[in-house]
Each structure stands twice: as structure tokens, then as C-alpha cells.
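Thanks for coming. I will take the structure piece by piece, and you can follow along on the screen.

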Amino acid sequence: MEPKQFKKVVILTGAGISAESGIPTFRDSGGLWENEPVEVVATPEGFVKHPERVIDFYNKRRQDALRCEPNAAHYALVKLEEKFGDNFLLITQNVDDLHQRAGSKRVLPMHGELLKVRCLGAAEHVIECKENQPEECPVCKAKMRPHIVWFGEIPFEMDRIYGELTSCDLFAYIGTSGAVYPAAGFRQVAKQAGAHVVCLNLEEISGGYTDEFIKGKAGEIVPKWVQTL
Ligand code: OAD
């Protein structure tokens, strides 16, 4: 059988793709949510009650992420983008910048970005941030918060994402447990719109809407899979 030629590719990545770079996932043993109460460090209410603790948590995550490097899976997705050009979109739930540092250009960080902070003023200025969050907004002096989507908040660019999911013919989700909506529902949207859906992960993800499952570490299976396209 001839391999199918795909015209438009949408990829969704999660914490598993950065695991081999040394960034802990959320739900695996030793993951971030095992060590930190989600309701404190990943909700707007937690930030109101414990601002110092939340700021420290994200400062630490920034420092850790800056010490890590992209791995073979991140670089393989750069190659895939080079092949498909404007018919490629990489949606990531990850807030690290490893896709961007590897060289991916068409990246949509739907859960925000660790290396940005946003002010609480009316204009919501977004400022680049290395290691530690600044005390106040350099533009309007308002207080600042991490530029991260917390539980109860709506991820970025959802209209654009649904437009891309319903117009692609290949959708792959990589290194994500499928535990958090709306991202967990993307495969269903893409599948019902006619796309071929592939899962690349250490463990099989239940819930259907997947045509192909490729099991293994992202750094090993993603480069091989990209070569087949
Ligand atoms: P999870 O920690 O829930 O899932 C990571 C997945 O990656 C699991 O299915 C692992 O089996 C798999 N995995 C681990 N190491 C891997 C490797 N080397 N290669 C391939 N797969 C591997 O992380 P996410 O699904 O990304 O949201 O979590 C989704 C969202 O939940 C995050 O974006 C975050 C969190 O709450 C926010 O903070 C808004």
C-alpha cells in the first residue's frame, strides 16, 4: 500500500516530549503535581491567597527550564515543519520554550509561556522574563503574574485551534496524558472532521478517536515517525 500523502498537519504536544530534556511531567511518578498542590500553584484563587509561594514556584520552574535543552523529538518536529510549511501547526500545552529553542516557528503555546509574565493592569502588558518575575510592570507599574493558563482559565487562541483541527488531515498528539480539557478533546474534533489521528506516547491513552498508537520515548519514536511522512 502506498503511504498516504498528507496535506495539512496539526501536532499537539504535552509534558512527555520534554521529559527526556529533564523537565518533569505533571502526572507521572515524581511529577510536578505530586509535589505541589495544584489548587495553590495553578489556580487564580491560589495566587490571590499565596502570591509569594506561586511566584517562587514559577521562578524555580523558569530556572530549571533554562538549564534544559531541546531533545531529538523537538528537533524532529522542526524538520516536519520545514516539510509542510504553512500547512503545519504545533500546538503545545508545554510552557517551556524548548520547541522554540529547537527552531519551531509555527508554535501555539495554548497554556501560556514560562518565560513571559503579564501585568494585572487593564492593559495586561505581556513582558519577557528570564529567571525571576519582576515586582511590577515596567510599563504601568501594576503587579505581575505568570503568563500561564491556570485551572478555570481559558487557554489561548481556541478559535484558531478549532479552525486548524477541523481543516487538517493528520493530527498527532505526543507525550500527553489526555487528562486535561480542552486539549484532551482535540483528537475527537480532528477525527470527526476526517483527519487521521496518531498517538505517540509511553502509554496508550484511553478514550478512542485514535487510528494509530506508537509506543515509546518521544526522543526515539518521533524522529522515526517523522521520517515516514
Ligand atoms: P501529563 O504529565 O499529564 O502527561 C504526560 C504524558 O507523557 C503521560 O502520558 C506519560 O506517559 C507521557 N510520557 C512521559 N515521558 C515520556 C517520554 N519520554 N516520551 C513520551 N511520552 C512520555 O502532562 P500533560 O498531558 O502535558 O496544564 O498535561 C496537560 C496539562 O496538565 C499541562 O499542560 C498542565 C497540566 O495541568 C496547565 O498547567 C494548564
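Thr176 is found in the loop between β7 and α9. What you are looking at is a predicted model, so please keep that in mind throughout. Is Thr176 buried or exposed? Thr176 has a relative accessible area of 9% and is buried, because the limit for that word is under 20%. If we set aside the neighbours within four places in sequence, Thr176 is in contact with Leu12, Gly14, Gln93, Asn201 and Ile205.

Thr176 also brings us to the ligand. How many residues surround the ligand? There are 24, and the closest are Ala15, Arg27, Thr176, Ser177 and Glu203. By type, the shell around the ligand divides into 9 nonpolar, 10 polar and 5 charged residues.

Let me go through some individual atom pairs. In the side chain of Thr176, an N or O atom is 2.7 Å from an oxygen atom of the ligand. With Gln93, a polar backbone atom is 3.2 Å from an oxygen atom of the ligand. With Leu202, a backbone N or O atom lies 3.4 Å from a nitrogen atom of the ligand. How much of the ligand does the protein bury? The ligand taken alone exposes 800 Å², and the protein buries 95% of that.

Staying in the loop between β7 (170–174) and α9 (186–192), we also find Pro182 there. Which kind of peptide bond joins Tyr181 and Pro182? The bond is cis, with omega at about 10 degrees.

Lys141 is not a glycine, yet its phi is positive, near 70 degrees. Lys141 is found in the loop between β5 (126–128) and β6. With 52% relative accessibility, Lys141 counts as exposed. The other residue is Glu157, again not a glycine, with a positive phi of about 55 degrees. Glu157 has its place in the loop between β6 and α8 (158–165). Its relative accessibility is 43%, and Glu157 counts as partly exposed.

His147 lies in β6, which covers residues 144–148. At 9% relative accessibility, His147 counts as buried. What does His147 touch, not counting residues up to four places away in sequence? The list is His111, Gly112, Glu113, Lys116, Val117, Arg118, Val126 and Phe156.

The last topic is charge pairs. In general, side chains of opposite charge can pair when their charged atoms come close. How many salt bridges does a search of the whole structure find? The search finds 12, and I will show three of them.

Take Asp64 and Lys60 to begin with. Their side chains meet in a salt bridge, at 2.9 Å from N to O. Why are these two separated by about one helical turn? Because they are 4 residues apart in helix α5, which covers residues 51–66. Asp64 is partly exposed, with a relative accessible area of 26%, and Lys60 is also partly exposed, with 46%.

Next is the salt bridge of Glu69 with Arg101, where the closest N and O atoms are 3.9 Å apart. Glu69 lies in the loop between α5 and α6 (72–84) and Arg101 in helix α7 (residues 98–102), so this pair ties together parts that are 32 residues apart in sequence. Arg101 counts as partly exposed, at 32% relative accessibility.

Then there is Glu81, which forms a salt bridge with Arg106; here the closest N and O atoms are 2.9 Å apart. Glu81 is in helix α6, while Arg106 is in the loop between α7 and β3 (107–109), so the pair ties together parts that are 25 residues apart in sequence. Are the two partners buried or exposed? Glu81 is buried, with a relative accessible area of 4%, whereas Arg106 counts as partly exposed at 29%.

One more point on the salt bridges: those that share partners join Lys60, Asp64 and Arg67 into one network.

That is my part, and I am happy to go back to any of these views.

Definitions and conventions
Residues are numbered from 1 along each chain as its sequence is written. This is a predicted model: local features need pLDDT of at least 70, side-chain atom pairs count only at pLDDT 80 or more; totals for chains, interfaces and linings use all residues. Side-chain values use heavy atoms; hydrogens and water are left out. A salt bridge is a side-chain nitrogen of Lys or Arg within 4 Å of a carboxyl oxygen of Asp or Glu. Buried means under 20% relative accessible area, exposed over 50%, partly exposed in between (1.4 Å probe, protein chains only). A residue is near a molecule or strand if one of its heavy atoms lies within 4 Å of it. A polar contact is a pair of N or O atoms within 3.5 Å; within protein, one must be able to donate a hydrogen and the other to accept it, and residues adjacent in sequence count only if both atoms are side-chain atoms. Accessible areas come from the Shrake-Rupley method with a 1.4 Å probe; for residues, only the protein chains shown count as cover. Ala, Val, Leu, Ile, Met, Phe, Trp, Tyr, Cys and Pro count as nonpolar, Asp, Glu, Lys and Arg as charged, and the others, Gly among them, as polar. Contact means heavy atoms within 4.5 Å.
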